[in-house]
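I'll jot down what I look up as I go.

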Protein chains: 2
Amino acid sequence: MKPSVRTSVLMLYVLLICVEISSQNISPRKLEQIKAEVAGYKDIAKSIINHAVYGSAQNRSYERLALFVDTIGNRISGSDNLQNAIKYMYKALQDDKLQNVSVEAVKIPHWERGKESAMMVQPRRKNLAILGLGGSVGTPAEGITAEVIVVSSFDELHRRAEEAKGKIVVYNQPFVSYGETVQYRSRGASEAAKVGAVASLIRSIASFSINSPHTGWQYYENGVQKIPTACITVEDAELMARLASRGVKIVVNLYMGAVQHPDADSFNTVAEIVGSKYPEQVVIVSGHLDSWDVGQGAMDDGGGAFISWEALSLIKDLGLRPKRTIRLVLWTGEEQGGVGASQYYDMHKKDISNMDLVMEADSGTFMPLGMQFSGRPQARAIMSDIMQLMEPINITKLYDNADGTDISFWMEAGVPGASLLDDISKYFWFHHSEGDTMTVQNPIWMNLCAAIWTVVAYVVADLEEMLPR
Amino acid sequence: MKPSVRTSVLMLYVLLICVEISSQNISPRKLEQIKAEVAGYKDIAKSIINHAVYGSAQNRSYERLALFVDTIGNRISGSDNLQNAIKYMYKALQDDKLQNVSVEAVKIPHWERGKESAMMVQPRRKNLAILGLGGSVGTPAEGITAEVIVVSSFDELHRRAEEAKGKIVVYNQPFVSYGETVQYRSRGASEAAKVGAVASLIRSIASFSINSPHTGWQYYENGVQKIPTACITVEDAELMARLASRGVKIVVNLYMGAVQHPDADSFNTVAEIVGSKYPEQVVIVSGHLDSWDVGQGAMDDGGGAFISWEALSLIKDLGLRPKRTIRLVLWTGEEQGGVGASQYYDMHKKDISNMDLVMEADSGTFMPLGMQFSGRPQARAIMSDIMQLMEPINITKLYDNADGTDISFWMEAGVPGASLLDDISKYFWFHHSEGDTMTVQNPIWMNLCAAIWTVVAYVVADLEEMLPR
């Protein structure tokens, strides 16, 4: 199909979808009926919670995750490890006797870190712990040796643009929040290149550090010189900022063997419990299977992926079968910007009218606090009642603004979305670092996360009506 | 002097000291007089606190420490960095116009880490972050490749002694407290060697980890084979424990280029404010200048050393001159077991009757909580009153059991000792690791630490009587 034709067809789809979505308001009376229906799930919710938290499924998602990440290791997009992970899960989901276990082919980026190192060579020799950023170009074989300019913001960089020419820009921006501060990682290299810098080193996007560098994806702006870029530790950024503030000349040698390969073949991994009455209507529970190439990817997003699998296992264990299909999707290539999920959306958006709820857990599986939800007020009212079913574990809160790169494509098109809210106070201590391992996981928390995740997925999938849009 | 003669002379000394110390009890009336005298220091204490916390000396110890550690870096026993640090401080103390600035020659260990690495090669290749332990022998050039046995205690090692032969022992002991758990680092290698192990890897002695290895000294037992030994991260110890619990065979390659050189020349660094009335009587304030060869040694023990320097600076700034001498000692070779301080004790113990109080800050300079004190009840009563002078900053508590390797020699001989108690809840997160940097320091906390440290040193040094022993 030619691009112009494709665009027209796409626009038609969007129009149809909008019409469809806007037509789904329900009457107040109907809403009350649904809320009453929700209240009837009290015993089922209790049995799910009991099985997950106190019963024979206790600690299962934790144990399964430990076995998986200990066996496979981390799983960056395009790596053999990720391929092995997908094979592992394909077999595990079949062994778990889930339905319609399948993989759906997509293309994902294949960036390889290679060897890398950085050394402050002036005013004294000091090794700098670094992690090159995903998508970065490498350096020449001898590395790049240049004087450093330290800035604390893009504003300062722009004010001192003349000084930055030919230098390595070190960003020592304070950590405000991940959402706000991550822009230095995402576009720090291109901003530095625009003022003539030869490389950029970015203070890791972390709220706490034990000299830990954190990686992540970065985006080169079109038409701007691609310069090598890596994250350094909070400690080293602060060290260089102090030295610079004293007028000390700093010189750094940066070596990065990073290579961008052609896109690789990969797969979203799928399994289902097929609905008894409306099998074509779907609730998605999901997490992503890929990770960064450091640590074990146990938190980001092993935990989210494995409580999603657990949801299907718990429902199957209890002999439950919802009216609608519950579909587990383990996304691939999330860390590069939801690459696998974006293609999944393109392949399945024709069925958007049957997509009841998209759920993703991708912010840790620490102590759960509740559920985040994006959708119309009527849907929110129903979700809020569903959360009351969590009374036995006293985690009944519904928050706004569901969050999840992989489900964002559906949510932007109007499908209700839900994400797990947990205690993320330490999440960015470990995120995208060597610290993302099973050590941060706690089976008790994972049991609770899985219980909430399962009750929500099951009840939404079993209600007589889809959630109003 | 022949050893036997020396022993006799030493015993005579000890006898004399004991007589002297036991003769220093004072009458209840005298004690009340001293307590009244202490109460008279309220205004002086306030002026010291004001100067340190709100006045022109605000943040000085922090700024001085930052300049020092940023310029010198870490300072392991026997290194050029430590020599540079001593030269730096000798000049800085002279520039600060303190009295009797001097260095006193001692011999200290010179162990060099060299290059080191560890790789789990079975069941899959995974780099293990390690830090070789101080004093460890190296491995052959090709490293040591052997199967791993994971144990959680010495008891388990002894029960499974037969299995350990020819293997690398991985200790995955839980962290109970530093005092209790550090035995695995201190003697883990020799215990492993006794059952025929070829190397030992010890879970870092840390209460929290972001994949951070922590080094430290270890002691080979006489007559036991010396095997290479290093600390691994909590995460990797737990990983190998999980793998082993599943019956998975683990093989590790360990390479360590560690070398033990002959003992090196070094110096304890000294400066004084000479007493106006009893200059031969001394209050020591101290910290150690050496550190491990990772991070910046900003916490262990840069902070303690620099608040001790600050005490002399604050007293000098305010034009105060105590009756007794306040002596700053910056110890060398502490990390290898108080090696510099032990020789200082030997050189100066003839003056023990004039040693009023030995103070060391070597547990961080986080938010101060009070002072720890070791001494007789009468001395404790006086110290307790001195702590009441800290009422303006509301840190008035006196605790038991002063702690400090370098002052332990004096305390064991009966001299009263004091150490700073601060909030050490994160201390062992950074201790002996790359995380020991200026980033963990806070100028406000250091101001408060310095204020308390100074008031105690000054008042004790200025009282008409030495502390009762």
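Predicted model: local features only at pLDDT ≥ 70, side-chain atom pairs only at ≥ 80, totals over all residues.

**A loop lysine in chain B**

I started with B:K97, which sits in the loop between helix 5 (80-95) and strand 1 (99-112) of chain B. The phi angle of B:K97 is near 60°, a positive value in a residue other than glycine. Is B:K97 buried or exposed? B:K97 counts as exposed, at 66% relative accessibility.

I then looked up B:N394, in the loop between helix 13 (377-388) and strand 15 (397-400) of chain B. Phi is positive here too, near 55°, and B:N394 is not a glycine either. Its relative accessibility is 64%, over the 50% cut-off, so I put B:N394 down as exposed.

**Cis peptide bonds**

Next I checked omega angles. One cis peptide bond joins A:Q122 and A:P123, with omega about 5°. I found A:P123 in the loop between strand 2 (116-122) and strand 3 (126-128) of chain A.

Another cis bond is in chain B, between B:D300 and B:D301, with omega about 10°. B:D301 belongs to helix 11 (residues 298-317) of chain B.

**Strand 2 of chain A**

While I was there, I looked at A:V121, which is part of strand 2 of chain A. A:V121 comes out as partly exposed, with 27% relative accessibility. What does A:V121 touch, leaving aside neighbours within four places in sequence? I found contacts with A:V251 and A:V252.

B:G73 was next on my list, in the loop between helix 4 (60-72) and helix 5 of chain B. Its relative accessibility is 1%, under the 20% cut-off, so B:G73 counts as buried. Which residues does B:G73 touch, not counting those up to four places away in sequence? I noted B:F68, B:N81 and B:Q296 from chain B, plus A:R124 from chain A. B:G73 and B:G295 are 222 residues apart in sequence, yet their C-alpha atoms are 7.6 Å apart in space.

**Where the two chains meet**

I got 30 residues of chain A in contact with 30 residues of chain B. The two chains bury about 2400 Å² between them, and 58% of that is on carbon and sulfur atoms. Which residues of chain A lose the most area to chain B? They are A:D70, A:R124 and A:I210, together 27% of what that side buries.

**Helix 12 of chain A**

I went through helix 12 (residues 339-348) of chain A and listed its buried residues: A:V339, A:G340, A:A341, A:Y344, A:Y345 and A:H348. A reminder for reading such a list: an α-helix has 3.6 residues a turn, so residues three or four places apart point the same way. What covers the buried residues of this helix? The cover includes strand 1 (99-112), strand 10 (259-273), strand 11 (278-288), strand 12 (324-331) and helix 14 (405-412) of chain A.

**One more spot in chain B**

I looked up B:E163 in helix 7 (residues 161-164) of chain B. B:E163 is partly exposed, with a relative accessible area of 38%. B:E163 and B:V195 lie 8.8 Å apart, C-alpha to C-alpha, and 32 residues apart in sequence.

**Chain A as a whole**

Last, I stepped back to chain A. I counted 16 helices and 16 strands. The radius of gyration is 24 Å, close to the 23 Å that the globule rule gives for 469 residues, so chain A is as compact as a globular protein of that length. The C-alpha trace spans about 70 × 55 × 40 Å along its principal axes.

Of the 469 residues, 61% count as buried. Among contacts in chain A with a separation of 6 or more, 83% come from residues 24 or more positions apart. Chain A exposes about 17600 Å², with carbon and sulfur atoms supplying 52% of it. For charges, I have 44 positive and 54 negative side chains, and the centres of the two sets lie 2 Å apart.

Methods: Residues numbered from 1 in each chain as written. Chains lettered and ligands numbered in written order. Heavy atoms only, no water. Helix = DSSP H or I, 4+ residues; strand = E, 2+ residues; numbered from the N terminus. Rg over C-alpha atoms; globule rule 2.2 N^0.38 Å. Buried < 20%, exposed > 50% of the residue type's maximum accessible area, 1.4 Å probe, protein only. Contact = heavy atoms within 4.5 Å. Areas by Shrake-Rupley, 256 points an atom, 1.4 Å probe, with all protein chains shown as cover. Lys, Arg positive; Asp, Glu negative; His and termini not counted. Charge placed at Lys NZ, Arg CZ, Asp CG, Glu CD. Buried area = accessible area lost by both parts, 1.4 Å probe.
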